[in-house]
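Hello,

Here is the structure I promised to pass on to you. My notes on it follow below; please read them with the model open.

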Amino acid sequence: MDYIFVMNSILLGVGLAMDAFSVSLANGLSEPKMKKSKMTLIAGTFGAFQALMPMLGWFFVHTLVNYFKFFEKYIPWIALFLLLFIGGKMLIDGIRGGDEETAAVGFSALIIQGIATSIDALSVGFTISDYGVIKAIIASLIICVVTYVICIAGLMLGKKFGTKLSGKAQILGGVILILIGIEIFVKGVFF
């Protein structure tokens, strides 16, 4: 195995996982009593999406490149909309004093978060397009593992601070998600 390839895949995973880390932190903040099984589900979902999106990008480059280029300009808008929606809901629930049941991250919200934080990883398909299919799968699996570890760390940090912030944690989590959406949008549209 080529060590430079592995190191590049790890660094790519770290870079791609930063949005998922921030959302994991927000999830931990909003649900400080989260069980380990749910933490595993959340981190696993983010890891799976971060692995799937580069492979879809790789596939698009090798088959449907013209369609993907058309879609690429909408990625920041989609991420902004999804994170504004989830973050806004968390913010409103926190301001209204929603109970811990509404603070919990549901399955549909988790899927939306997974898509929103990984949709920009479709572009990674361009950077790994010169890889063969096996090498692209290995790179995606490395990205998945790196994302999983980083998200577990985010969830643990969020839980720790969420317990200390108690009622305000859901508001902070919503604000974080909104800011992540704005950051993805600004970075995708203006840079």
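The residues that line the largest pocket divide into five nonpolar, three polar and four charged. In this count Ala, Val, Leu, Ile, Met, Phe, Trp, Tyr, Cys and Pro are nonpolar, Asp, Glu, Lys and Arg are charged, and the others, Gly among them, are polar. The lining itself consists of Gly15, Leu16, Met18, Asp19, Glu72, Ile75, Pro76, Asp120, Ser123, Ile184, Lys187 and Gly188. Two or more of these residues come from each of helix 1 (3–30), helix 4 (75–96) and helix 9 (169–190), and helix 1 gives the most, with four residues. The space in this pocket is about 270 Å³.

A word on how the pocket was found: on a 1 Å grid over the protein atoms alone, a pocket is an open set of points where a 1.4 Å probe fits, with protein on both sides within 12 Å along at least five of seven lines, and lining residues have an atom within 4 Å of a point. Grid points are joined across faces, edges and corners, and the volume is the space filled by probe spheres set on the points.

Please keep in mind that this is a predicted model, in which local features need pLDDT of at least 70 and side-chain atom pairs count only at pLDDT 80 or more, while totals for chains, interfaces and linings use all residues. Residues are numbered from 1 along each chain as its sequence is written, and side-chain values use heavy atoms, with hydrogens and water left out.

As for the fold, the chain has nine helices and zero strands; both are DSSP runs numbered from the N terminus (helices H or I, at least four residues; strands E, at least two). Buried residues make up 44% of the 191 residues, where buried means under 20% relative accessible area, exposed over 50%, and partly exposed in between (1.4 Å probe, protein chains only). The chain exposes about 9,800 Å², and carbon and sulfur atoms supply 73% of that area, computed by the Shrake-Rupley method with a 1.4 Å probe. Of the contacts (heavy atoms within 4.5 Å) between residues at least 6 apart in sequence, 92% join residues at least 24 apart.

How many salt bridges are there? The count comes to two, taking a side-chain nitrogen of Lys or Arg within 4 Å of a carboxyl oxygen of Asp or Glu. One joins glutamate 31 and lysine 38 (3.1 Å, N to O), and glutamate 31 is buried, at 10% relative accessible area. The other joins glutamate 183 and lysine 187 (3.4 Å, N to O). Both of these residues lie in helix 9, four residues apart, about one turn of the helix. Glutamate 183 is partly exposed at 34%, and so is lysine 187 at 40%. You have met Lys187 already, in the pocket lining.

Serine 9, in helix 1, is buried at 2% relative accessibility. Beyond its neighbours within four places in sequence, serine 9 is in contact with Ala139, Ile142 and Ile143. In helix 4 you will find phenylalanine 85, exposed at 51%; its C-alpha is 9.6 Å from that of isoleucine 112, 27 residues away in sequence. Arginine 96 also lies in helix 4 and is exposed at 70%. Between arginine 96 and isoleucine 171 there are 9.8 Å, C-alpha to C-alpha, with the two 75 residues apart in sequence.

Best wishes
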